[in-house]
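Here is a short briefing on one protein chain. Look over the sequence and the structure, then read the points below.

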Amino acid sequence: MSERPFQPRIIAFCCNWCSYAGADLAGVSRLQMPSNFKVIRVMCSARVAPEWIIKALSSGVDGVMVLGCHIGDCHYISGNHRAAKRFAVLREMLGCVGINPDRLLVDWVSASEGPQFQKIVTNFVERVAVLGPGKAAGEQRAKGTSELNGLTQQAEKRE
Ligand code: FES
């Protein structure tokens, strides 16, 4: 019997105004995508706290995407500029705590870019699958599931 290939667990923080709508469009257009990612809607990419990402990556999530509006299109004017700067620094910090920075992706998707959302998600899932399981393995992954659900609820409450 052949073993099932590694299926990474991915979360995608999507801003309400563009990338979440892009994800929705990809869904209603029935574009083929991996099913092993979970979308967490936030009001802006700048709303994503770096500690959420570190917590996720240390507790069973294998990869995190932060997807916002294209530069210049942020609903809050400069939120995505701030997010881009913040997560560039975070990528460097991840290496210092033993987490491969390639497990974090920051990108931009507009509301009309369902196919772009599909492409970004598919490529990222493939990339993380090649990297293999994240820092937390085994029972940590199981624990991470409940923490991830808690994180989702926290993000929803704060909006
Ligand atoms: S509202 Fe989309 S990145 Fe700010």
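**Helix 4 and its surroundings**

Helix 4 has 18 residues and spans 26 Å from its first C-alpha to its last, close to the 26 Å expected at 1.5 Å a residue. The model is predicted. The points below start with this helix, then turn to the core and the overall fold.

- The buried residues of helix 4 are G114, F117, Q118, I120, V121, F124, V125 and V128.
- Seen down the axis of helix 4, these buried residues fall within an arc of 165 degrees, so they line one face of the helix.
- The face turned away from the buried side carries the exposed residues N123, E126 and V130.
- Cover for the buried residues of helix 4 includes strand 1, helix 1, strand 2, strand 3 and strand 4.
- G132 follows helix 4, and its phi is positive, near 90 degrees.

Nonpolar core
- The largest nonpolar core has 43 residues; I11, A12, F13, V64, M65, V66 and L67 touch the most other members.
- At least two residues of this core come from each of several elements, including strand 1 (10–15), strand 3 (63–68) and helix 4 (114–131).
- Leaving out residues up to four places away in sequence, M65 touches I10, A12, F13, L105, D107 and F124.
- In soluble globular proteins, nonpolar side chains tend to be buried together.

Overall fold
- The protein has 5 helices and 4 strands.
- Along the sequence, the pattern is β-α-β-α-β-α-β-α-α.
- Of its 159 residues, 41% count as buried.
- Among contacts between residues at least 6 apart in sequence, 82% join residues at least 24 apart.

Note on methods: Residues numbered from 1 in each chain as written. Predicted model: local features only at pLDDT ≥ 70, side-chain atom pairs only at ≥ 80, totals over all residues. Buried ≥ 20, exposed ≤ 12 C-beta atoms within 10 Å, placed from the backbone. Contact = placed C-beta atoms within 7 Å. Core = buried A, V, L, I, M, F, W, Y, C linked by C-beta atoms within 7 Å. Expected span 1.5 Å × (residues − 1). Arc of directions from axis to C-beta.
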